[in-house]
Amino acid sequence: MKKEKYLKGLIYIVVVVLLNVAGATLFFRADLTKNKVYSLSDASIEAVKNLSEPLTINVFFSEDLPAPHNTTEKYLADLLEEYAINANRYFNFRFYPIGGDIDTNTASKRNAELANSYGIRPVSIQMVESDEVKVKTAYMGLVVIHGDLIERLPAITTTEGLEYKLTMAMMKLGNKISTLLSLDGKIEADLYLSRSMTAVAPLMGLKDIQDLPGRVETAVSKVSRRSYDRLSFNRFDPQTAEEKKVLSDRYGVLQLGWPDLSGGKVKAGSGIIGMVMRYGEKSVNIPILEVNRIPLFGTQYKLMTDQELEDAIGGAVESLIDINEKVGYLTSNGTAPRFDRNPANPMAPGTNALNNFSATLSRSYAVSDVDLRGSGIPEDINSLIIAGAKESFTDYDLFQIDQALMAGKHVAVFVDAFKEMKNPNPQMAFMQPSIYTPVRTGLDKLLAHYGVRVQSAYIMDENCYKQNLPRRMGGGQQNVYFAPIIENDTINHDVPFMNNIKGLVTLKAAPVTVDEKIVTGQNLTAATLFSTSKRSWLKERNIALNPMFLKPPADDASFASHPVAAMVEGSFTSYFTGKPIPEKPAPEQAEDAEKPENKAAAISQKGAVLTKGKPARLIVVGSLDMLTNSLFDEQGESANATFVMNLMDGLNGREGIAVMRSKKQRFNPIDKVPDSIKTPVKAFNIVGLPLLVALFGMAVYLKRQSRRKTIRAMFQ
């Protein structure tokens, strides 16, 4: 029996070991998360499955990292394994560990040098050791190599959105390769450096300025080798005042001037220093000399380092060749400017500016300015953004938008329903607040023809953002009724790019309704994207957006849910069907100028109007503030930013990217339940669970007592 006991124990140990070995080699994965957070998206699988030439990912990570960074490398390894399983034979990855003392560890030193050659630098992370908070430098980056091009993720400090960043880097490299190979001619890299700068440079702390041309040429050569030799370096020495002025005005190249210096040894003069990248009619200015005015220390000058030069030149190449899909942004008709500054602080953008949105959009798309009163809508854009138009649209303006939609170009309209006229005296703004007048541009009649109507009203909602009041105002919270919070249950998750959006915040939103009769008549399909809560009401007249003076209506009949965004898609019917083509307004001329005779006016035109369009999408959002810095964060990672970027991806046929971006949302609110359910659940948790445990314990006790009695009876 003793031998049998030991044998069983040995067999159990062997079975456990074999099960662990089998689990380490023969395993399967099951992603049970709702949004498949730990599985590759279809867009990622498609990106690695269709590789046509080798793509390699080199990962550089320091060993023995503290929590939570120690799990980041493991997550990255699992993610790359998932890519490899779904990829074709061209996908490869390799980890380069960096550990111990780099100076004495040959392998780590070699890996660190390789990381530095790719532009991967160590980052500082905090760690707790011996009850002290310490700062440690560690390598936590990777480089994606595709053909002759590279794309870096230099600091992977979190797993948040890592799949999205990796897949976008791969797609970006693929687009860049095809664009570079199809270029007609070379990209010109022009260095402008006046000879007069060499005399004054030592006084500016720039003793090595004579080496600048060689350094710039080397940087251009390195970038050119990675860009299929599509760059050409040129050096210019502007000397005349006219040359310097032209360069300064045309390209914004830095021009410096100085009086007699060093007792007359350096004569008064001026000079140009800067770099311009050119391709076709586009140009990018690279300020290779940084000028900093520091209090007490005065003005300091600093030239770009070699790595900064390479990075700037590479970024300029991407800006010039438009490697991403093109999106048009309407700049005429009083739309909101893409980039703006705060008048009170010129160094920072205002809360009503679109800077964050514009910067995030430019990272995924090539944005082209569209002027309806100038060159019109270009043919090479895939979608058009109309954001907060305030000025009237002529019939010819509407004709251009209509025909773009007929041609299959998608349109996104962000409406600003009212024009705010602020009190010019800030001190009297509280007593005499802003005046709001409805915006009448004429665009509404075009939208109404497609089945979308925007009401001139602001939506107020009891389910809104709550502002924390300072102590001097009594503290507590103030309801901002004109900033409705959109709950998960009022978001249309049937639309693919809205699937993982859990909640939003709007501001000064107007109702956007769909006319089902018009939509059905044109064989279109329509969907409301999201709506406010059932405790919403409309403010149409006497608008004052001071939270202290806003109160909900007393009549419950005034409350209702109101749609804020709608989408219509299909083959639209032209607004100008059966109508003559509107005349293009003539350019403004002086009153005494002789007007040319229009001999072609009598010629009739037929067939010049597209009456039935190709499949396209029209999305109308009733709040321009969805794009402003007040609701769109700088990193582009908030729920609002995710919605806007998903919307753009949905318009440009990249719904797979939209799903991938939003499948791991930081904003995951708990579903709200009514009070009629909350109270019983609380009571059950407080009383019911302990009672169930007590009853279960009593049942076990009685069962054991019964068993004892049965056994006692058997042996009596």
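**Talking through a predicted model**

Tutor: Let's start with the open sheet: its 7 strands come in the order E15-E14-E16-E17-E29-E28-E26, and the pairing is mixed. Keep in mind that this is a predicted model.

Student: What makes E15 and E26 edge strands?

Tutor: Count partners. Strand E15 (366-370) and strand E26 (525-531) each have a single partner strand, so one side of each has no neighbour in the sheet.

Student: What does helix H11 touch, and what angle does it make with E29?

Tutor: Helix H11 (residues 395-406) packs on the sheet and touches E16, E17, strand E28 (563-573) and strand E29 (612-621). Its direction makes about 115 degrees with that of E29. Then there's helix H14 (residues 639-651), lying across strand E14 (326-330), E16, E17, E26 and E29. Helix H14 runs at about 175 degrees to E29.

Student: Why is asparagine 333 called buried?

Tutor: Buried means under 20% relative accessible area. Asparagine 333 has 1% relative accessibility, so it counts as buried. You'll find asparagine 333 in the loop between E14 and helix H10 (355-364). Its phi is near 60 degrees, a positive value in a residue other than glycine.

Student: And why is asparagine 523 called exposed?

Tutor: For exposed, the value has to be over 50%. Asparagine 523 comes in at 67% relative accessibility, so it counts as exposed. Asparagine 523 is in the loop between helix H13 (516-521) and E26. It has a positive phi too, about 55 degrees, although it is not a glycine.

Student: How much of the chain counts as buried?

Tutor: Of its 716 residues, 42% do. The accessible surface of the chain is about 40400 Å², with 54% of that belonging to carbon and sulfur atoms.

Student: What about the chain as a whole: how many helices and strands has it?

Tutor: It has 16 helices and 29 strands, and its C-alpha atoms fill a box of roughly 130 × 80 × 65 Å along the principal axes. Among contacts between residues at least 6 apart in sequence, 73% join residues at least 24 apart.

Technical notes:
Residues numbered from 1 in each chain as written. Predicted model: local features only at pLDDT ≥ 70, side-chain atom pairs only at ≥ 80, totals over all residues. Heavy atoms only, no water. Pairing = 2+ DSSP bridges. Helix = DSSP H or I, 4+ residues; strand = E, 2+ residues; numbered from the N terminus. Contact = heavy atoms within 4.5 Å. Axes fitted to C-alpha atoms, helices over the stretch in contact; angles between N-to-C directions. Buried < 20%, exposed > 50% of the residue type's maximum accessible area, 1.4 Å probe, protein only. Areas by Shrake-Rupley, 256 points an atom, 1.4 Å probe, with all protein chains shown as cover.
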